[in-house]
Amino acid sequence: MVASEAVGRYRLLTVDGVDQPPAPGQFYMLATAERWGGEEGRPWLARPFSHATADPLTFLVDPVGPGSRRLASAAVGEELLALGPLGRGFALVEGRRALLVGGGIGVAPLAALAEALDGSCEALLGFRDEPCARAARLVTATEVALASDDGSVGRRGFVTELLAERLARSDHEDYAIYACGPEPMLAEVGRIARAWGVPCQLAYEAPMACGYGACFGCAVATRTGFVRLCLEGPVLDAYELGDTGGDG
Ligand SMILES: Cc1cc2nc3c(=O)[nH]c(=O)nc-3n(C[C@H](O)[C@H](O)[C@H](O)COP(=O)(O)OP(=O)(O)OC[C@H]3O[C@@H](n4cnc5c(N)ncnc54)[C@H](O)[C@@H]3O)c2cc1C
Ligand code: FES
């Protein structure tokens with residue numbers, strides 16, 4: 001790891017030595033090479049993280065538990081183990097303007113998508129509060145609108161309210177939606193997109209054990225049967241999912 005920087009509540013890690021360039025929405029299984037395990041000495045499984053930028057390769061880490069806290073506290077120069085890029089990322093819809101919809105740490109793969117689009121996109125981003133919302137700067141879209149739970153930045157309320165208003169007031173047939181965030185947010189984004197008939201892809205961040213298709217721990221129901229989020233996802237088409245889609 002060559003750099004580690006605080007971005008509000010989150011930590012942005014820059015790594016080198018990974019050759020294959022990732023596509024937006026793909027992810028890596030990350031671990032530290034040393035001290036990756038509990039006090040009893042048993043190693044933890046590697047944890048899945050979307051890249052936040054491809055060049056340089058960065059990861060935005062929300063320190064929510066032991067693995068993510070260990071990664072967030074890794075020292076510059078420390079060796080990280082990165083398996084990837086894994087999974088299927090966003091598939092750009094030709095002829096439609098990209099509308100990125102993010103919630104909390106779900107901003108990470110959207111930053112990578114904005115980077116791949118050279119900023120030619122719009123973004124609606126929702127956060128809990130101002131320290132989390134500082135990550136919005138990573139999304140280099142031409143237009144960014146914010147919402148927050150406590151009203152400290154942007155509109156007080158949910159990002160899905162911004163989405164519903166945006167589709168109602170503009171030419172919704174011009175857009176394709178690419179979203180990442182908590183599952184209730186993704187379910188609502190999918191419901192709104194289907195109601196307007198707008199193409200929509202949802203990046204799921206459900207827990208994963210192996211990350212490459214071996215354990216079936218990440219299987220979710222779609223209209224056509226179960227899929228493994230780590231192989232057929234983590235990006236799924238909102239039209240493949242019912243209103244309760246994405247359930248494991
Ligand atoms: C494809 C993919 C991409 C991801 N990208 C990122 C990213 O860019 N940045 C980032 O910070 N995190 C990302 N995550 C989530 C990240 O993998 C988990 O937060 C991490 O594995 C937690 O590990 P832990 O050991 O810190 O905590 P754990 O001990 O595993 O869990 C700690 C707490 O977090 C909860 N939790 C664990 N995993 C999740 C989850 N996925 N969603 C909601 N709650 C969870 C647990 O229920 C528990 O309350 C991604 C997940 C997936 C599947
Ligand atoms: S995490 Fe093991 S099959 Fe997907």
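Student: Contact means heavy atoms within 4.5 Å. Leaving aside neighbours within four places in sequence, what is Ser148 in contact with?

Tutor: Ser148 touches Phe127, Arg128, Val153, Arg155, Arg156 and Gly157. Before we go on, this is a predicted model: local features need pLDDT of at least 70, side-chain atom pairs count only at pLDDT 80 or more, and totals for chains, interfaces and linings use all residues. Residues are numbered from 1 along each chain as its sequence is written, chains are lettered from A and ligands numbered from 1 in the order in which they are written, and side-chain values use heavy atoms, with hydrogens and water left out.

Student: Got it. Where does Ser148 sit, and is it buried or exposed?

Tutor: Ser148 belongs to strand S9, residues 143-148 (helices, H or I, have at least four residues and strands, E, at least two; both are DSSP runs numbered from the N terminus). Its relative accessible area is 0%, which means that Ser148 is buried (buried is under 20%, exposed over 50%, partly exposed in between, with a 1.4 Å probe and protein chains only).

Student: Which backbone nitrogen lies 3.1 Å from a polar atom of its side chain?

Tutor: That of Gly151.

Student: What lines it?

Tutor: There are 44 lining residues, with Asp62, Ile105, Gly106, Pro182 and Glu205 nearest the centre. Strand S4 (47-50) makes the largest contribution, four residues. Among the other elements that supply at least two are helix H2 (107-116), strand S8 (122-127) and helix H5 (183-196).

Student: How does that lining divide by class?

Tutor: It has 26 nonpolar, 12 polar and six charged residues (Ala, Val, Leu, Ile, Met, Phe, Trp, Tyr, Cys and Pro are nonpolar; Asp, Glu, Lys and Arg charged; the others, Gly among them, polar).

Student: Where is Ile105, and how accessible is it?

Tutor: Ile105 is in the loop between S7 and H2. It counts as partly exposed because its relative accessibility is 22%. Beyond four places in sequence, Ile105 meets Tyr10, Leu60, Val61, Asp62 and Glu205.

Student: And Gly181, where is that?

Tutor: In the loop between strand S11 (175-180) and H5. Gly181 is buried, at 10% relative accessible area. Not counting residues up to four places away, it touches Gly103, Gly106, Leu186 and Ala203.

Student: What about the second largest pocket, how big is it?

Tutor: About 190 Å³. Of its 13 lining residues, Arg88, Glu232, Val235, Leu236 and Asp237 are closest to the centre. Strand S15 (residues 235-237) gives the most, three residues.

Student: Last one: which residues have the most contacts inside the largest nonpolar core?

Tutor: Val101, Leu163, Ile177, Val189 and Leu202, in a core of 33 residues (a set of buried Ala, Val, Leu, Ile, Met, Phe, Trp, Tyr and Cys residues joined through side-chain atoms within 4.5 Å). H5 gives the most to this core, five residues. A second, separate core of 32 residues includes Leu113, Ala114, Cys180 and Val235.

How values were computed:
On a 1 Å grid over the protein atoms alone, a cavity is a set of points where a 1.4 Å probe fits but cannot get out, and a pocket is an open set with protein on both sides within 12 Å along at least five of seven lines; lining residues have an atom within 4 Å of a point. Grid points are joined across faces, edges and corners, and a volume is the space filled by probe spheres set on the points. A polar contact is a pair of N or O atoms within 3.5 Å; within protein, one must be able to donate a hydrogen and the other to accept it, and residues adjacent in sequence count only if both atoms are side-chain atoms.
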